[in-house]
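Here is a quick tour for someone meeting this protein for the first time. Have a look at the sequence and the model, then read on.

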Amino acid sequence: MSLSNQSINQLTNQWQISPKVLFSMGKIVPVLVIKDIADALPIAEAILQSGLKVLEVTLRTPSALAVIKEIATHLPQAIIGAGTVTNADMLQRSREAGAQFAISPGLTKDLLQAGQAGDIALIPGISSISELMDGIDYGYDHLKFFPAEASGGVKAIKSIGGPFPDIKFCPTGGININNINDYLALPNVACCGGSWLVTDEIVKNKDWSAITKLCNEAIAQTK
Ligand code: 3PG
């Protein structure tokens with residue numbers, strides 16, 4: 001325990017925004033898959049209009065890094081992070097694009113080490129106790145739980161809270177307006193991520209006000 005506590009302090013001291021602060025900035029983290037850079041600002045603005053400010057742009061499209069740069073440059077009020085960061089190179093490139101944090105669906109020792117050496121918060125992903133123990137060994141106490149619904153959901157996270165009461169999670173994967181409160185009711189869940197706030201259909205129709213509406217609905221639901 002003392003080793004991990006020491007490492008955690010080292011990590012949070014060097015990162016611009018600590019994971020603890022990040023996890024306290026809002027209960028809902030929109031997970032974005034943006035293909036066209038022209039959609040970046042309208043999507044981010046529609047989210048910000050609701051009052052949500054933490055955004056995760058997944059590195060799943062060729063334009064994702066350019067999208068992060070665009071939002072970081074033009075909307076400094078947004079707390080913009082990169083998602084689907086699966087290796088050290090992607091972590092570095094996310095930081096260079098202007099990401100203030102990075103989230104991974106999983107973890108490797110290489111990525112955990114790169115996160116320790118870097119200056120933006122890395123939130124590694126886990127879906128098993130052994131992965132969690134690897135994360136703790138490297139000093140991480142704020143993690144993503146992914147894929148949440150497929151990996152046991154609320155019951156699994158509640159059970160993990162027994163042996164690991166000090167670890168905080170941001171679950172994602174299958175979370176939506178109907179089940180988010182079940183997750184947020186757990187003491188070890190600080191916030192939840194999800195793509196339901198910005199659907200492919202909405203982006204296709206450029207129906208930006210629908211994004212604000214969905215965000216407002218989610219905020220009202222989680223009050
Ligand atoms: C993620 O990367 O966090 C997930 O793809 C989000 O999962 P969802 O699409 O089920 O919300």
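Which side chain meets Asp-119 in a salt bridge? Arg-95 does, with 2.6 Å from N to O. A salt bridge here is a side-chain nitrogen of Lys or Arg within 4 Å of a carboxyl oxygen of Asp or Glu.

Before going further, a word on the ground rules. This is a predicted model, where local features need pLDDT of at least 70 and side-chain atom pairs count only at pLDDT 80 or more, while totals for chains, interfaces and linings use all residues. Residues are numbered from 1 along each chain as its sequence is written, and side-chain values use heavy atoms, with hydrogens and water left out.

**Salt bridges**

The count comes to three salt bridges:

| Pair | Closest N to O |
|---|---|
| Lys-206 and Asp-39 | 2.8 Å |
| Asp-89 and Arg-93 | 3.3 Å |

Take Lys-206 and Asp-39, which form a salt bridge. Lys-206 sits in the loop between helix 10 (200-204) and helix 11 (208-221), and Asp-39 in the loop between strand 1 and helix 3 (40-50), so the pair ties together parts 167 residues apart in sequence. Helices (H or I, at least four residues) and strands (E, at least two) are DSSP runs, numbered from the N terminus. Asp-39 is buried at 5% relative accessible area, while Lys-206 is partly exposed at 47%. Buried means under 20%, exposed over 50%, and partly exposed in between (1.4 Å probe, protein chains only).

Asp-89 and Arg-93 are four residues apart in helix 5 (residues 88-97), about one helical turn.

Six strands make an open sheet in the order 5-4-3-2-1-9, with parallel pairing. Its edge strands, strand 5 (121-123) and strand 9 (192-194), each pair on one side only. Two strands pair if DSSP finds at least two bridges between them.

In helix 7 (residues 129-137), Leu-132, Gly-135 and Ile-136 are buried. Seen down the helix axis, these buried residues fall within an arc of 100° and so line one face; the arc is that of the directions from the helix axis to the C-beta atoms. Turned away from that buried side are the exposed residues Ser-130 and Asp-137. Just after helix 7, Gly-139 takes a positive phi of about 95°.

Finally, Pro-187 is found in the loop between helix 9 (180-184) and strand 9, and Pro-187 is exposed at 69% relative accessible area.
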